[in-house]
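My entries follow in the order I made them.

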Amino acid sequence: MIKILVVDDESSIRAAVAYALRREGYEVEMAVDGQEALDKVETFRPTVMVLDVMMPHVNGYDVCRKLDGRPRPAILLLTVKDDIVDKVLGLELGADDYMTKPFDMRELLARIKALSRRGGYVEQMQQEQQDVLRLGELSAELFSRAVSIQGELLDLTPKEFDLLVLLMRNPERVYSREVLLEKVWDMDFAGGTRTVDIHVQRLRKKLGSNHGLIQTVYGIGYKSTGSP
């Protein structure tokens, strides 16, 4: 069963979202603040976390920062601000999607459904059911969204996976930051190109000695290559 963690300090929102999710058949747990959310990521291991930004003490951005580099669910941020800067900040910190309060519950459920298909702790599928991309020692299994280097699985966020697969599909093709932002994040805000740089840095760190599979084309953007 797909697990959803709902994190919000407003009890009415928390309860309404949890109720709607349970009606859809999800297993749901709730947290009232960021610290409780961090604890439940470890114990509950959710597939998707619906995370409010504006919470006292440990806010949603802090949760994203603390989860950086650790196994984590797909993250959908809830914010009362409709400012592109706040949205870009959330994406830079590793969030996979965002919605502005007040939100339509049907849209929220649709976005959670999409994230649950590609996020968090996905089980390994049968090899014959998968399309597999290979680049050097790197393999990306598209059906299960699993990435490995010589059989060792990497823990990638949904957006890191999407970015890597786009580059792997077209080795040696140079993508500008603006094109990557549009194709992976569905955004055309020029100032958000820093989001691309941050995700590339994180990907390279996770690729370890194979970090050279993603190369910088100075003044333009990035490309993948078969020789790290």
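I looked up Arg 145 and found it in the loop between S7 and strand S8 (146-149); helices (H or I, at least four residues) and strands (E, at least two) are DSSP runs, numbered from the N terminus. The phi of Arg 145 is near 60°, a positive value in a residue other than glycine. Arg 145 counts as buried because its relative accessibility is 19%; buried means under 20% relative accessible area, exposed over 50%, partly exposed in between (1.4 Å probe, protein chains only).

I noted the source. This is a predicted model, in which local features need pLDDT of at least 70, side-chain atom pairs count only at pLDDT 80 or more, and totals for chains, interfaces and linings use all residues. Residues are numbered from 1 along each chain as its sequence is written, and side-chain values use heavy atoms, with hydrogens and water left out.

I then checked His 57, in the loop between S3 and H3. Its phi is near 70°, again positive in a residue other than glycine. His 57 counts as exposed because its relative accessibility is 80%.

I looked for a cis peptide bond and found one joining Lys 101 and Pro 102, with omega about -5°. Pro 102 sits in the loop between strand S5 (97-100) and helix H5 (105-116). Most residues other than glycine have a negative phi, and most peptide bonds are trans.

Next I took Ser 139, in strand S7 (residues 138-141). Ser 139 counts as buried because its relative accessibility is 13%. Its side chain makes a polar contact of 2.9 Å with that of Arg 134 (a pair of N or O atoms within 3.5 Å; within protein, one must be able to donate a hydrogen and the other to accept it, and residues adjacent in sequence count only if both atoms are side-chain atoms).

Which residues of helix H2 (residues 34-43) are buried? I listed Gly 34, Ala 37, Leu 38, Lys 40 and Val 41. Seen down the axis of H2, they fall within an arc of 170°, so they line one face of the helix; the arc is that of the directions from the helix axis to the C-beta atoms. At the N-terminal end of H2, Asp 33 is the cap, with a side-chain oxygen 3.3 Å from the backbone nitrogen of Gln 35.

Last, I read the confidence: the protein averages a pLDDT of 85 (the predictor's confidence in each residue, from 0 to 100), and 89% of the residues score at least 70.
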